[in-house]
Amino acid sequence: TGSPARSKAARGESLGAALVTAVKLFAHPKIRLLLPISLVAYAAVMSVQALWGGPYLHDVHGLGLEERSYVLFGMAIVTLLAPIGWGWLGTRIGPRDTVFVGAGLTVAFTAAFALLPRVGLVPAAALVIGFGVTAGYGIMLPATARLFLPESLSARAMTVTNIATIGGVSLWHVITGYIIGAFPPADGLIPEEAFRAMFAVFAVFAFAAGIVYWRIGPLPAVPPEEDAALASALPRN
């Protein structure tokens, strides 16, 4: 529950002070290395699940509404169950390596969409459903962030990574809209090249974000007792 002094300090912290702390957390050397992968870890799969999967299956592969719903429902089931697997993997190889595996799978799936010759309907549906497995490795990012900050900031450490994760979904919805919109429709349909370009951008960004994340180095076993860079941002008695 925390010490009385900490509880008193938390109650006395102003909104402005809380915002200053959040800004400093975003600028923290280790947290900065988490942000790029946070922006894409959940956003890539959700851009397909919630936005472009339906148009891709219809405009490129000619699936009707009912058939598209089956494929996207399958993807939704995989997306729902994937975090269980990522959590299990995290207990085996650690959060750092788990995130790196997830980033690698994101690159692999999006690169497959972008680079493979025009695939048939069954392989395309399998790729869409299988892509759902990349959902969930981002759950390791808040747990990673809190290891670099004092216990008193653990909740906010997890919050800033969650902000980046959810913000990434909104950001990529806008970015992918511009990418798809750059290709004129053909007979009222989005051309396959537009989707290839979108997936290629995801693959490049996920690859670069994975490299940035790898620079975070080995994770500490326990959080530090204090952080000099954030000392001025902590609430005081």
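Reply: Happy to. Let's begin with a contact: in helix α4, V45, V48, Q49, G53, G54, L57 and H58 meet R68, V71, L72, M75, A76 and T79 of α5. Sorted by class, that contact has seven nonpolar, five polar and one charged residues. Please keep in mind that this is a predicted model.

Me: What makes α4 and α5 roughly antiparallel to each other?

Reply: The angle decides. Helix α4 (residues 43-60) and helix α5 (residues 65-93) pack at about 160 degrees, with axes 10 Å apart. Angles over 145 degrees count as roughly antiparallel, and therefore α4 and α5 get that label. Their crossing is right-handed.

Me: Why are α6 and α7 described as roughly antiparallel too?

Reply: By the cut-off of 145 degrees again. Helix α6 (residues 95-115) packs against helix α7 (residues 121-131) at an angle of about 155 degrees, and the axes are 11 Å apart. The two are therefore roughly antiparallel. As for handedness, α6 passes α7 in a left-handed crossing.

Me: Which residues of α6 and α7 meet?

Reply: From α6 come T106, F109, T110, A112 and F113, and they meet L127, V128, G130 and F131 of α7. The classes here are six nonpolar, three polar and no charged residues.

Me: How do you know whether S47 is buried or exposed?

Reply: Buried means under 20% relative accessible area. S47 has 0%, so S47 is buried. This residue sits in helix α4, and its contacts, leaving aside residues up to four places away in sequence, are W52, G53, W172, H173, T176 and F202.

Me: And what about V60: buried or exposed?

Reply: V60 belongs to helix α4. Its relative accessibility is 7%, and because the limit for buried is under 20%, V60 counts as buried. Not counting residues up to four places away in sequence, V60 touches P55, R118, I190, E192 and F195.

Me: How far apart are V60 and E192 in sequence and in space?

Reply: In sequence they are 132 residues apart, while their C-alpha atoms are 5.8 Å apart in space.

Me: Why does T165 count as buried?

Reply: T165, in helix α9 (residues 154-181), has a relative accessibility of 12%; the cut-off is under 20%, so T165 counts as buried. Beyond residues up to four places away in sequence, T165 touches S38 and Y42.

Me: What makes the pair of T165 and T161 a polar contact?

Reply: The side chain of T165 reaches the backbone oxygen of T161 at 2.9 Å. A polar contact needs N or O atoms within 3.5 Å, with one able to donate a hydrogen and the other to accept it.

Me: Now for the chain as a whole: how many helices and strands does it have?

Reply: There are 10 helices and zero strands. Read along the sequence, the pattern is α-α-α-α-α-α-α-α-α-α.

Me: What share of the chain counts as buried?

Reply: Of its 237 residues, 43% count as buried.

Me: And what share of contacts joins residues 24 or more positions apart?

Reply: Taking contacts with a separation of 6 or more, residues 24 or more positions apart account for 80%.

Definitions and conventions: Residues numbered from 1 in each chain as written. Predicted model: local features only at pLDDT ≥ 70, side-chain atom pairs only at ≥ 80, totals over all residues. Heavy atoms only, no water. Axes fitted to C-alpha atoms, helices over the stretch in contact; angles between N-to-C directions. Helix = DSSP H or I, 4+ residues; strand = E, 2+ residues; numbered from the N terminus. Parallel < 35°, antiparallel > 145°, perpendicular 65-115°, else oblique. Left-handed = near helix turned anticlockwise from the far one by under 90°. Contact = heavy atoms within 4.5 Å. Nonpolar A, V, L, I, M, F, W, Y, C, P; charged D, E, K, R; others polar. Buried < 20%, exposed > 50% of the residue type's maximum accessible area, 1.4 Å probe, protein only.
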